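Reader: I'm new to this one and would like to learn how to read it. Could you show me the sequence and the structure, then walk me through a few features?

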Number of protein chains: 2
Amino acid sequence: MAKMQKEYNLSKNQQIVFDIIEKSSEPVKAYSILFNVKKKGIKAPPQVYRALEKLIKLGKIHKVESKNAFVACKSSNCEISKATAFSICEICEKVTEIANNKLSNFLNSFEDKSGMKYKKYNLEFFGLCKKCKKT
Amino acid sequence: MAKMQKEYNLSKNQQIVFDIIEKSSEPVKAYSILFNVKKKGIKAPPQVYRALEKLIKLGKIHKVESKNAFVACKSSNCEISKATAFSICEICEKVTEIANNKLSNFLNSFEDKSGMKYKKYNLEFFGLCKKCKKT
DNA sequence: CTTTCAAATGTTATATTATTACATAGTGTT
DNA sequence: AACACTATGTAATAATATAACATTTGAAAG
Ligand SMILES: [Zn+2]
Ligand SMILES: [Zn+2]
Ligand SMILES: [Zn+2]
Ligand SMILES: [Zn+2]
């Protein structure tokens, strides 16, 4: 029953870029991707950035704004990639996508006096991870 | 009783950069600042980026990560600049700092199973502002 | 099968954002 | 004065991202 999710019809470049991000244990930068795919025939920034843009639209990856880096979506709840939350360790820089219903419910239903209706959000928490707290 | 907050001892460059950001009704980009302060003797990027860095540390300004732009702090609650929330209109790009106790209380006390203690966060909401909703 | 249209690709050049490195100058304290 | 600390000035370059245009691919319709 695991991995029932269909692997969608990614194009060649999209699949190459996605594979790199998915395999990485940490956020990947665009030019690091570019460097790593030179051997596969992708030679120029636009090819990478286009794939990234599409993958974001599909919700397969997210951009970690404070790091200008990209991670594969782990929560599969944000298929449309419109509600993302991350925890970021300030020492080891580990980034983890937060999947927490209480949090997402709260934020998805948040309204303030401005009269603005929020369709989308990005939240980045900073602190010390368990490991780094010990030191 | 308004504006009791002391105007701190900003250095010359810090004050120049801060004035520009504070006077602007929208987020200001670093190189836009640079362009605007050429006449005041600030000539190179590091001078601007250093001032920005210090102003962020002081909590006088915030960086809007999704836009690589800077806004003056309006809430005066985030002196230490460790908890910021913005609403961003996807059409007119208007950015507003959100000061909402329910939101900040919720986020400041948020904990998840990861065992990570969060000291700081940045939240960016996207949607349509009142004006743009009408069109 | 051919026409068609949208999506994806390839390529060159350039724009935008940010930092490194090193030299110099001001400021307050002992 | 000697010291430490913060801020400044300057040149060069690194890192991130987009513009513009030509070409190819792939699915859908006729
Ligand atoms: Zn996700
Ligand atoms: Zn850590
Ligand atoms: Zn603020
Ligand atoms: Zn608007």
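Author: Let's start with a term: a salt bridge is a side-chain nitrogen of Lys or Arg within 4 Å of a carboxyl oxygen of Asp or Glu. A search of the whole structure finds six of them over all chains. Some ground rules: this is a predicted model, where local features need pLDDT of at least 70 and side-chain atom pairs count only at pLDDT 80 or more, while totals for chains, interfaces and linings use all residues. Residues are numbered from 1 along each chain as its sequence is written, chains are lettered from A and ligands numbered from 1 in the order in which they are written, and side-chain values use heavy atoms, leaving out hydrogens and water.

Reader: How many salt bridges run between chain B and chain A?

Author: The general idea is that side chains of opposite charge can pair when their charged atoms come close. Here, four salt bridges are counted between chain B and chain A. In one of them, B:Lys119 pairs with A:Glu90, with the closest N and O atoms 3.1 Å apart. That pair goes from strand E5 of chain B to the loop between strands E3 (83-89) and E4 (95-97) of chain A; helices (H or I, at least four residues) and strands (E, at least two) are DSSP runs, numbered from the N terminus. B:Lys120 also meets A:Glu90 in a salt bridge, at 3.6 Å from N to O.

Reader: How many residues does each chain bring to the contact?

Author: Contact means heavy atoms within 4.5 Å. Chain B brings 35 residues and chain A brings 34. For buried area, take the accessible area (1.4 Å probe) that two parts lose on being put together, summed over both. Between chain B and chain A that is about 3,000 Å², with carbon and sulfur atoms giving 63%. On the chain B side, B:Phe106, B:Met116 and B:Phe125 lose the most area to chain A, together 19% of what that side buries.

Reader: Now a helix, please. Which residues of H2 in chain B are buried?

Author: An α-helix has 3.6 residues a turn, so residues three or four places apart point the same way. In H2 (residues 30-37) of chain B, the buried ones are B:Ala30, B:Ile33, B:Leu34 and B:Val37. Looking down the axis of H2(B), they fall within an arc of 100° (taken from the directions from the helix axis to the C-beta atoms), so they line one face of the helix. B:Tyr31 and B:Phe35, on the other side of H2(B), are exposed. The cover over the buried residues includes helix H1 (12-23), helix H3 (45-58) and strand E2 (69-72) of chain B.

Reader: And what does the side chain of B:His62 make a polar contact with?

Author: A polar contact is a pair of N or O atoms within 3.5 Å; within protein, one must be able to donate a hydrogen and the other to accept it, and residues adjacent in sequence count only if both atoms are side-chain atoms. The partner here is the side chain of B:Glu97, at 3.1 Å. B:His62 is in strand E1 (residues 61-64) of chain B, and it counts as buried at 3% relative accessibility.

Key:
Buried < 20%, exposed > 50% of the residue type's maximum accessible area, 1.4 Å probe, protein only.
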